[in-house]
Amino acid sequence: ASETRPSEQLVMCHCKCLPESIIAAACARSGQRVLHVDSRNYYGGNWASFSFSGLLSWIKENQEKSDVSDECEDWRKLILENEEVLSLNKKDKTIEHVEAFCFGDQDSAKDVEEAGALPKLPVFGASGAEGVAQDPDKECPPLESAVARAESCEPEKAASVDPASTAEGNDTEVNCENESSHSLSSGESAPDLGKAEAAPSEVSAQEPKKIMYSQIVREGRRFNIDLVSKLLYSRGLLIDLLIKSNVSRYAEFKNATRILAFREGKVEQVPCSRADVFNSRQLTMVEKRMLMKFLTFCLDYEQHPDEFQDYKNSTFAQFLRTRKLTPSLQHFILHSIAMVSETDCSTLEGLQATRKFLQCLGRYGNTPFLFPLYGQGEIPQCFCRMCAVFGGIYCLRHSVQCLVVDKESGRCKAVIDHFGQRISANYFIVEDSYLSESVCRNVCYRQISRAVLITDQSVLKTDSEQQVSILTVPPVDLGQPAVCVIELCSSTMTCMKDTYLVHLTCPSTKTAREDLEPVVQKLFHLNTETGKETENEELEKPRVLWAVYFNMRDSSGIDRNSYSSLPSNVYVCSGPDSALGNDCAVKQAETIFQEMFPTEEFCPPPPNPEDIIYDEDEIASEESGLSNSPETKPEPSPEESSSRGSTAVKEHSEE
């Protein structure tokens, strides 16, 4: 297989996380040759999405942390006298304290097979994937391979797409043509979702269906579970980049329908837009006027410096107390609109966060946020697909042993892969987790606490089951971080029907379970038994069917100078941060690209087909190819496309 890879590339990316994927797409679009490799057998790194069986295998792999041995022991013979080696990590140390819990009868799933799963493919190359492919544990169904996951686009299956399959220049949309696609319209499910999902049945309105663990295993391919939980601000940097580069055509999005607040032990909906405020039954007329007056001030606060100058050194919470707002309004603004810390956020930071929230309202719906169908893991794949369309080469299960550094210039000349092949390039992009301890000895990392729950009900029941909700739970003690909760319904293609997928995230102070379990206990019912001793209040809460907790490394914001002996042409990308949006990844990708190619435009839009000028040879070959083709499938009409109910993010949507 090694002879199929070019021995010289201009840009080489190691790992397929979001920043690396954006950089690879930008480089390929500007005409650079790109080779993108990853030792994992899936796209996205810590930004990936998994089916349920895939997540079980990921959990098993991270709990075992088996040693990885070199496949090629003779690679050091390729190092010349005037060169030195910068070894890379073989183990992923970014995930810790992984704990999974099943609140149902696991024995019932003992002999259950995942519906639609294909036979396992043999795993070659990186031994980091061996633990996944050779999984004898009978509790975990077979892991779908990266290729199987990407290529299976069945009518009743939520699937992601392998961007490498687009190397031939296929520009069709990422999404399967299935009847489960849906609209971006806020607060409403799509007209063609089907009666079963469009509204709750009478039975489910009275009592939720009892979901067994065996059902979750059987329907595991309907889950797309993100390792990192984020939303896209409708006027954020990522949405702007998706529109500018036309990568948005590879994905579909659903509008977040509700902003929730947790106050005095109850979950309630927060009015955001002007219409929501005046239609709200939670607020008095006086509170409505107070809230609208304050939000109007936040939109152009810079024009009224006299109103906040005296509070620049105060916290945003202290500033809110001076605005004659009621406690409930202060809570809504602080935790559900600005979404900032009560103790650490300054007045200016709070005003900026509030203005950002308000500016994003109304672009695609009544909330500022969008969520990609099939999970956050689709976004790196979309940029990988753009890179592949413009000639990028992709290799999964392909690890890199080391960087080869020239002693005189201090620049990286090449890498040596696990086949013992030496691959030269001018620029090298690597994710922080692959750098060795000697390079990162002066780096101080933060941690993110994550939890993923599968539940049987929404945290706030309404007439419609198909809600995408975001909730910020304030800390119990001052100084502790608030917890961001994102609840996804089945129409996001991330979970099976009659279940919800709940993501909890906060900066770590302890292990993920210690940080997040108190919040889980407040919002959900954990006991499997529902005997008489259980209080009615507990029975009203959604029931947790399955849960996993883990800590993830936050390597964002680390200065390049913190890394020791890093060659000048090696650029380091960070993993996911704890923020709700994706601005950090986009800024980092653009900064690195501009450092490498300062005269090139970052991710320009692709040319229109009408603007491409062909020479006579290309036209002749194209015509002969068309005449020999047995059948050409027509493009779907606008009516057919719209009948699917989903809307791609486009610039004119702003109007």
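Mentor: Gladly! Four strands form an open sheet in the order 4-13-14-15, with antiparallel pairing. This is a predicted model, where local features need pLDDT of at least 70, side-chain atom pairs count only at pLDDT 80 or more, and totals for chains, interfaces and linings use all residues. Residues are numbered from 1 along each chain as its sequence is written, and side-chain values use heavy atoms, leaving out hydrogens and water.

Trainee: What makes strand 4 and strand 15 edge strands?

Mentor: Strand 4 (83-87) and strand 15 (422-424) each have a single partner strand, so one side of each lacks a neighbour in the sheet. From one strand to the next, the twist averages 30°.

Trainee: How do you know that strand 14 and strand 15 pair?

Mentor: Two strands pair if DSSP finds at least two bridges between them. Strand 14 (residues 412-417) and strand 15 share three bridges in the antiparallel sense, so they count as paired. Ile416 stands opposite Arg422 in strand 15, and Cys402 stands opposite Ile416 in strand 14.

Trainee: What joins strand 13 to its partners, strand 4 and strand 14?

Mentor: Five bridges join strand 4 to strand 13, with Cys402 as the bridge partner of Ser87. Five bridges also join strand 13 to strand 14.

Trainee: Why is strand 13 called mostly covered?

Mentor: Buried means under 20% relative accessible area (exposed is over 50%, partly exposed in between; 1.4 Å probe, protein chains only). In strand 13 (residues 400-406), seven of its seven residues are buried, so it is called mostly covered.

Technical notes
Helix = DSSP H or I, 4+ residues; strand = E, 2+ residues; numbered from the N terminus. Axes fitted to C-alpha atoms, helices over the stretch in contact; angles between N-to-C directions.
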